[in-house]
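Hello,

Here is the structure for your files. My notes on it follow below.

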Amino acid sequence: MNVSNKYPTAHYRALDAAHHLHPFSDTKSLNAEGARVIVGGQGVWLTDSEGNRILDGMAGLWCVNIGHGRREIAEAVQQQMSEISYYNTFFKTTHPPAVDLAALLAEVAPPHFNRVFFTGSGSESNDTVLRMVRTYWATLGKPDKQVVIARRNAYHGSTVAGASLGGMTPMHKQGGLPIPGIHHIAQPYWFDDGGEMSPEDFGLWAAQELERAIDAIGEDKVAAFIAEPIQGAGGVIIPPATYWPEIKRICDEREILLVADEVICGFGRLGRWFGSEYFGVEPDLMPIAKGLSSGYLPIGGVMVSDKVAAVLMETGDFNHGFTYSAHPVACAAAIANLKIIRDEKLVERVANDIGPYLQKRWLALGDHPLVGEARMVGLMGALELVPAKPSRRRFEGDGKVGLLCRDFSFRNGLVMRAVRDSMILSPPLVISHDEADELIRIATKTLDDTHAELKRQGLMG
Ligand code: PXG
């Protein structure tokens, strides 16, 4: 592996602490500890500056679907840079990578999606969604339909609109969010919020919260409902089987747009090109990013259904766009990435091969004394850590156990993320059977280590 690790770890840590502010981080405590320095990546493996190999169970940040270090992307990017590295798509202009990527997206998306608006990230995509759904209704002569209904503990990005649509309380607390016109309803998280209800009843109840919110706000004021098919950053929350069909019924009956945030679930993660296809729903808009380029370069977009596009055609100018909308080099990376996903049949692989293989082994971790529930769809999974099963009661300490488990996992050579006391997994779609076995071996050791430490501290039971 060609790794550029020119200086000792301490050098990078010192400069990082002096000059770099990290996202979603407590800078003071991070600097005291020192950041982990990642210097290389190949397939599902990362290498850090100390020479450790770590299995990337999070595919970067839910994005490196084709795995690290693919030469095809590097070549496509180099080729595009040597032709035209930047030009915009404003002012009656286009370029081949934008056109080719848009056409390729129309090919892989469900039949009623034939158009895309390009952005630079998932957050920008959701800012675009907010303006697009309001513009849609204004064009139809219903400018009062402004409110977007979203869900608590959803993640839709970190820009002002993205964080407002999202339902993360710690984010809302900083910077005076959410902005007006966003209404949050319950999330379909049975494990934490289901109480005495069965998962099926709870799924129906959570979906019907949408109906009740529409009635309370007034259907003439509601523009759209936005939701991730499976909540990612919220903790890989797989809704009960009753949830999405009921949401579909409500959206069919009511005059509101349905937005499926496909930033994580899109591009094969759930064994379909788009997560909404897994749940059998037909959204009107689909914000995308992450797996669109497998994170090789930043690019996002909003897939626009024929129904919405027909109205936007009547809007006149849509006064919205980014310098880097359809950046040619990012488009070239995305095209090469989508061709790999398509030609190597990675979506089918997740549906029929590696998905079922890893799911079976992951769900078996549910037998561990520390695990209250193991769940996985496609290659997106979670483990709920609890002190005393079968009770769904949580540990005290608001996520401390999750962090303990995450630290053991890193030390053992596997990136798992902790969301509160849920352990999260979302590996690259190219993970082999042997690598999946290795992942399960490390995850099991990590649970054992965490369990032993909690017992030592007297926290189990
Ligand atoms: N929608 C969803 C569903 C996401 O998961 C975004 C939008 C925003 O995308 P950008 O490209 O603007 O980051 C995301 C991003 C985490 C974590 O801690 C998750 C995301 C971003 C940062 C951290 O799991 N998802």
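α6 gives the most to the shell around the ligand, with three residues. This is a predicted model, where local features need pLDDT of at least 70, side-chain atom pairs count only at pLDDT 80 or more, and totals for chains, interfaces and linings use all residues. Residues are numbered from 1 along each chain as its sequence is written, and side-chain values use heavy atoms, with hydrogens and water left out.

Ligand site

The shell holds 16 residues, and W62, G122, S123, D261 and R417 come nearest. By type, the shell has six nonpolar, six polar and four charged residues. Here Ala, Val, Leu, Ile, Met, Phe, Trp, Tyr, Cys and Pro are nonpolar, Asp, Glu, Lys and Arg are charged, and the others, Gly among them, are polar.

- S123 has a side-chain N or O atom 2.5 Å from a ligand oxygen.
- K290 has a side-chain N or O atom 3.1 Å from a ligand nitrogen.
- R417 places a polar side-chain atom 2.4 Å from a ligand oxygen.

Alone, the ligand exposes 540 Å², and the protein buries 84% of that (Shrake-Rupley areas, 1.4 Å probe). Two or more shell residues come from each of α3 (59-62) and α6 (122-139). Helices are DSSP runs of H or I, at least four residues, numbered from the N terminus.

Rings

Rings of Phe, Tyr and Trp (its six-membered ring) pair if their centres lie within 6.5 Å; planes under 30 degrees apart are stacked, over 60 edge-to-face, the rest tilted. That rule gives 12 aromatic pairs. One of them is Y136 with W137, edge-to-face at 4.8 Å centre to centre and 85 degrees between the planes. Y136 is buried at 5% relative accessible area, and W137 is buried at 3% (buried is under 20%, exposed over 50%, partly exposed in between; 1.4 Å probe, protein chains only). Ring pairs also link Y243, W244, Y278 and F279 into a cluster.

R392 covers the face of W190 at 3.8 Å from the ring centre. R411 lies over F408 at 5.2 Å.

Best wishes

Terms used. Lys NZ or Arg CZ within 6 Å of the ring centre and 35° of its normal. Near = heavy atom within 4 Å. Polar contact = N/O pair within 3.5 Å; in protein donor to acceptor, adjacent residues only side chain to side chain.
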